[in-house]
Amino acid sequence: MSQSATGAFDALFHENRKFPPSSEVTAHGNISDPAIYEQARQDPEAFWDARAREQIDWFHPWNQILDWKPPFAKWFIGGTLNASYNCVDRHAHGTRANKPAIIFEGEPGDQRVITYAQLLEEVTLAAAMLRHLGVQKGDKVAIYLPMIPEAVISMLACARIGAPHTVVFGGFSPDSLADRINDCGANFVITADGGWRRGKVVPLKDNADEAMAKTDHVKRCVVVRRVGDAAAIHMDPDRDIWWHDAEAQTRAAGTTDCPPEQLDSEHPLFILYTSGSTGKPKGILHTTGGYMVQTSLTHKWVFDLKENDVFWCTADVGWVTGHSYIVYGPLANGATCVLFEGTPDYPDKDRFWSMIAKHKVTIFYTAPTAIRSFMRWGDEFPARHDLTSLRLIGTVGEPINPEAWIWYHQTIGGSRCPIVDTWWQTETGGIMISPIASLTTTKPGSATFPFPGIDADIVDEQGDSVPLGGGGYLIVRKPWPSMLRTIWGDDERYKQTYWSRFENIYFAGDGCKRDAEGYYWLLGRVDDVLNVSAHRIGTAELESALVSHPKVAEAAVIGIPDEITGQAIAAFVTVRSGIVADDALAQELRAHVAKAIGPIARPKVLRFTAELPKTRSGKIMRRLLRDVAEGRVTGDTTTLTDPSVLAEIRSQYEATEG
Ligand code: WTA
């Protein structure tokens, strides 16, 4: 664990303010008896069995709750269901038929409200269209769209016909899209002519064209018209088709009927790529039954969802938070969800607050990095709007510092809204450690306790549970329904990454401490994964992007603390002989990384160095680079091949820093 994480924790440990749930929230809570924790602990399978019956409509019930052949789990074996049926059909015919499922606002301010009855029509037609274009059960569909209703509709349409989707964040580069298409063998792509970002068009179709030129997999590409004349689009007549034309063709062919497929509980629902500490991003595989049970249940209990809530999760559907808490969890619960294409500061820094006032949002779920930006921008922006519709607010994606928590509570939550700080990961599928709004007394900066049925713990190097008051590695001992099933196409890497640090125990990659009352305090990653603005980026990916530049010999990347983004990227680069390492090259390399991965990966700091500190076995010692960047006296350097390298780097770093 880095020293800075431990230092931050020492400050946290003195945080002893407590916020109990109000008696009103407790009295009407979806879950009101804390005994549920103990019941679930004694018999987790019985707990999940009961929840699976309550939460989800199954075509056929399961005959076995869990099959656990470490580290491979199957849940609700023999059960069949359909995620799109649970998110749409079952709400579309009853009292929720005219209830808004999606309240969409585009960046330019255009709005669209889609009721559950309309969503059923849209999803059915889109699913029929995909079939018409040749998509079959089991085919992979890459979705590369802005935050527009078609993104949600596409995901649900894929789920309806049993075609696993892989959503690629619209901010990722053509290379990143091509890598993902190649890795999972996606034969179909759904994209748009463009998306709006701060008044400009993001050329999604151009990017997709560039990506498709790098793969032989793609047979058809469907293009949503989003920006219209603002983008000049090239259409390949054999491959590309406009979404509206494809739908019209489907109608003309009379093939619009598309009932939900009855899918096995373990049928793949989606593959979502995330960064790891080594190699290329990993395709995290989630299946249907367990994922739907846990995402819908956590959404209902953690946020204490009520029928009239307007739920707004500000994540992009390209990340797991968007999958689980914009699409599958909330829609399975028949909730009204806000979908927003834009950014918090466009056209002005009050955009989020104007959205909350306009759409009467009651539950707001965002990332600490956004909260820290809001704090810095000042209270005048939220003060412009009526935020009294809010009754509960949440955070996800990184640790929240107590100051930001208190600011969020007072300025956005009007000192009346409970805050749920939810810890989970792409791999866990759903929330794992979090308050339950109707039960839990919160402490600013703590994600509080593992959710019922989740057997999390904190262990030392040997895998032994640490006593209260201690810290170590966050692990999960027993399988949970929405856990990843494997890394797509690489069972071995799955075992190695998650289940081998401690045998047959899930290793999350996070450091954590537990206070005297058993509250969990997350400390950030303990591996070489950075968390920049609540987005995961692997140092290995960044380094390979840098060394792909012809002027670069070697590169090492570390995270440095940043007030707004949590961590920022710092790169140390050695250039090839004869190359002049100047400011222009530094700019060129930063742009090169942004182009290779996406703008979120652009290093904030880039330093040239004659050599990198390495162990005798040739491993780059990132720990020492972190010490340099954070101005610490460096620790043990005896394993270095050449200790003088470090003094050199330090003097260079400090010279350029000032
Ligand atoms: C971090 C996002 C502290 C953590 C859902 C984890 C958090 C990684 C929290 C997963 C939280 C997420 N407090 N840290 N409430 N939530 N993290 O896969 O380091 O994008 O391992 O999933 O984010 O990021 P991912």
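## Salt bridges, a lone arginine and an enclosed helix

Lys-443 and Asp-515 form a salt bridge, with 2.8 Å between the closest N and O atoms (a salt bridge is a side-chain nitrogen of Lys or Arg within 4 Å of a carboxyl oxygen of Asp or Glu). This pair joins distant parts of the chain, 72 residues apart: Lys-443 lies in the loop between strand S20 (419-422) and strand S21 (456-459), and Asp-515 in the loop between strand S24 (506-514) and strand S25 (520-525). Please keep in mind that this is a predicted model, where local features need pLDDT of at least 70 and side-chain atom pairs count only at pLDDT 80 or more, while totals for chains, interfaces and linings use all residues. Residues are numbered from 1 along each chain as its sequence is written, and side-chain values use heavy atoms, leaving out hydrogens and water.

**Salt bridges**

- By the rule above, the count comes to 44 salt bridges.
- Lys-443 is buried at 5% relative accessibility, and Asp-515 is buried at 7% (buried means under 20% relative accessible area, exposed over 50%, partly exposed in between, with a 1.4 Å probe and protein chains only).
- A network of salt bridges links Lys-18, Lys-443, Asp-515 and Glu-517.
- Asp-457 pairs with Arg-514, the closest N and O atoms being 3.0 Å apart.
- That bridge also links distant parts of the chain, from Asp-457 in strand S21 to Arg-514 in strand S24, 57 residues apart (helices are DSSP runs of H or I with at least four residues, strands are E runs of at least two, both numbered from the N terminus).
- Asp-457 and Arg-514 are both buried.
- Asp-304 bridges to Lys-306 at 3.0 Å between the closest N and O atoms; Asp-304 is buried at 3% relative accessible area, whereas Lys-306 is partly exposed at 30%.

**A buried arginine without a partner**

- Arg-180, in helix H8 (residues 174-184), is buried yet has no salt bridge.
- The nearest side chain of opposite charge to Arg-180 is Glu-541, 5.2 Å away.
- Leaving aside residues up to four places away in sequence, Arg-180 touches Val-168, Phe-172, Tyr-273 and Pro-281 (contact means heavy atoms within 4.5 Å).

**Helix H13**

- Seven of the nine residues of H13 (residues 351-359) are buried, so this helix is largely enclosed by the rest of the structure.
- The buried residues of H13 include Phe-352, Trp-353, Met-355 and Ile-356.
- Just after H13, Lys-360 takes a positive phi of about 50°.

How values were computed. Lys and Arg count as positive and Asp and Glu as negative; His and the chain ends are not counted.
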